[in-house]
Amino acid sequence: MSTGTVRDDGTTRDGAPDAPGGLQQGLKRRHMQLIALGGVIGAGLFVGSGVVIRSAGPAAVLSFLAAGVLTVLIMRMLAEMTVARPALGSFYAHVRETLGLRAGFTVGWLYWYFFVIVVAVEAVAGGRIVQLWLPGVPLWAVSLVLMTLLTATNMVSARSYGEFEYWFSSVKILAIVVFLFLGALFVLGLWPDSPGGLRNLTAHGGFAPEGVGAVLAAVVPCIGFFTGAEIVTIAAAESAEPERAVADAIRSIVLRVVAFYVLSVFLVVTVVPWTSKAIEVSPYAAVLDRLAVPAAGTVMNALVLIAVLSCLNSALYTSSRMLFALTRNGDAPRGFTKVSASGVPRRALLAGTSAGYLSVIAAWISPDVVFQFLINSYGAVALFVYLAIAVAQVRMRRKLERTEPERLTLKMWLFPWLSRLTIALMAVVIGAMAWLPDSRSQFWLSLLTVAVVLAGYELRRRKGPADAG
């Protein structure tokens with residue numbers, strides 16, 4: 001039961017209806033749409049994509065396309081389970097039901113750990129951008145201020161988080177649409193002093209100058225850029241229409257996300273030679289410079305800051321809700337179950353924030369050892385979670401077909417063959433991470449993270465469910 005005052009109409013005193021576990025259904029459909037889209041449009045697109053382009057050449061477009069398609073398949077599988085069985089904690093609950101208690105515990109804590117590190121990474125990234133305008137302020141101070149501000153926002157209510165994410169995501173999407181429009185004018189020769197054409201796709205060593213292997217290897221980091229689309233299924237517990245909201249959000253994300261990433265990267269390698277050093281630093285700023293857009297660097301820095309704040313906002317929200325969900329089955333201390341009058345699990349939120357604070361301090365005291373270890377130790381975690389989601393979907397689909405076929409209102413395409421192919425492809429991507437030199441350390445340290453979580457489960461199993469700590 002919510003700790004807020006409940007009216008006769010079933011709403012709490014702030015007007016939002018109760019959701020499972022005392023949360024409140026304060027998120028609207030427009031919030032859910034933008035949470036789904038904004039969750040995958042982060043600094044990885046605006047900055048990290050440049051590294052992929054420099055490693056694979058213009059054929060990086062194919063790397064992003066392959067990663068986007070694989071992510072869409074995973075999201076479709078997750079949407080099927082979420083619509084059929086809405087649950088607090090989303091895939092944590094689904095994995096727990098289909099693959100067992102150990103698997104559920106592991107997936108839930110891995111996902112929490114992933115977003116706790118994201119909090120620190122985004123806070124540090126945002127601090128570095130702000131330092132460009134305030135060079136005299138220490139990085140740790142700026143990072144802590146950003147974390148404090150967005151923690152305060154999340155402490156208010158789920159609706160507060162949804163509003164901030166709605167506007168953050170709106171700015172990001174508008175910026176990408178404008179970028180696509182300007183880039184298209186340049187390619188079509190309609191921009192002043194533009195030669196037009198597609199010559200840059202093949203003029204510097206060919207379309208795939210580094211070979212097919214480089215294109216396939218680039219799929220691994222590209223999938224990391226798409227991580228975050230699943231946040232919408234976690235937020236569904238605080239939506240007034242969870243099944244419909246998730247179904248609509250997942251349907252909209254398919255073409256839009258792939259289009260945003262693939263088309264924008266296509267324009268980058270078409271407008272600017274992939275060999276340009278400016279692409280690796282900031283591909284979108286490189287394009288705006290080529291188009292002679294005034295203050296291109298400042299515009300991109302501001303846009304990247306918004307993307308970082310959006311990801312930080314979502315990471316704080318997601319880590320708190322996953323920890324809250326873990327408490328419902330005794331997989332985390334019961335003390336984190338308590339919610340505020342506005343339906344916010346503040347203790348769970350502060351737990352993630354505190355871990356983020358410690359990570360930021362590590363970035364200040366030991367950036368090359370401790371902070372680098374933290375970054376590497378979560379690199380493959382999201383991929384492990386995605387693989388578990390895919391396996392869980394196959395198990396749940398079989399069960400639902402036998403017992404509750406009427407609940408399968410949104411289905412995975414071409415089941416079971418496409419589901420099995422998705423599982424195989426995810427296994428290949430994870431295997432590639434272990435094989436490629438650039439990602440090998442992340443894979444092994446992420447396995448260490450899994451081992452620690454599994455050890456935690458054994459302690460939990462022997463002592464019984466987590467106490468009220």
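Start by selecting α3, which contributes the most to the lining of the second largest pocket, with 6 residues. Before going on, note that this is a predicted model: local features need pLDDT of at least 70 and side-chain atom pairs count only at pLDDT 80 or more, while totals for chains, interfaces and linings use all residues. Residues are numbered from 1 along each chain as its sequence is written, and side-chain values use heavy atoms, leaving out hydrogens and water.

**Stop 1: the pocket.** The second largest pocket has a volume of about 270 Å³. A pocket here is an open set of points on a 1 Å grid over the protein atoms alone, where a 1.4 Å probe fits, with protein on both sides within 12 Å along at least five of seven lines; lining residues have an atom within 4 Å of a point. Grid points are joined across faces, edges and corners, and the volume is the space filled by probe spheres set on the points. Now select Leu216, Val219, Leu425, Val428 and Val429, the closest to the pocket centre of its 15 lining residues. Colour α3 (60-84), α8 (212-217), α9 (219-226) and α18 (417-435) to see the elements that each give two or more residues to this lining. By class, the lining has 15 nonpolar, no polar and no charged residues (Ala, Val, Leu, Ile, Met, Phe, Trp, Tyr, Cys and Pro count as nonpolar, Asp, Glu, Lys and Arg as charged, and the others, Gly among them, as polar).

**Stop 2: two loops.** Go to Pro416, in the loop between α17 (381-403) and α18. The peptide bond from Phe415 to Pro416 is cis, with omega near 5 degrees. Next pick Asp193, in the loop between α7 (158-187) and α8; phi of Asp193 is positive, near 60 degrees, in a residue other than glycine. Most residues other than glycine have a negative phi, and most peptide bonds are trans.

**Stop 3: around α5.** Show α5 (residues 101-133) with α14 (residues 296-327): their axes come within 8 Å and cross at roughly 155 degrees (axes are lines fitted to C-alpha atoms, for helices over the stretch in contact, and angles run from 0 to 180 degrees between N-to-C directions). That makes α5 roughly antiparallel to α14 (over 145 degrees; under 35 is roughly parallel, 65 to 115 roughly perpendicular and the rest oblique). The residues of this contact divide into 25 nonpolar, 6 polar and 1 charged.

**Last stop: zoom out.** The protein chain has 19 helices and 0 strands (DSSP runs, H or I of at least four residues for helices and E of at least two for strands, numbered from the N terminus).
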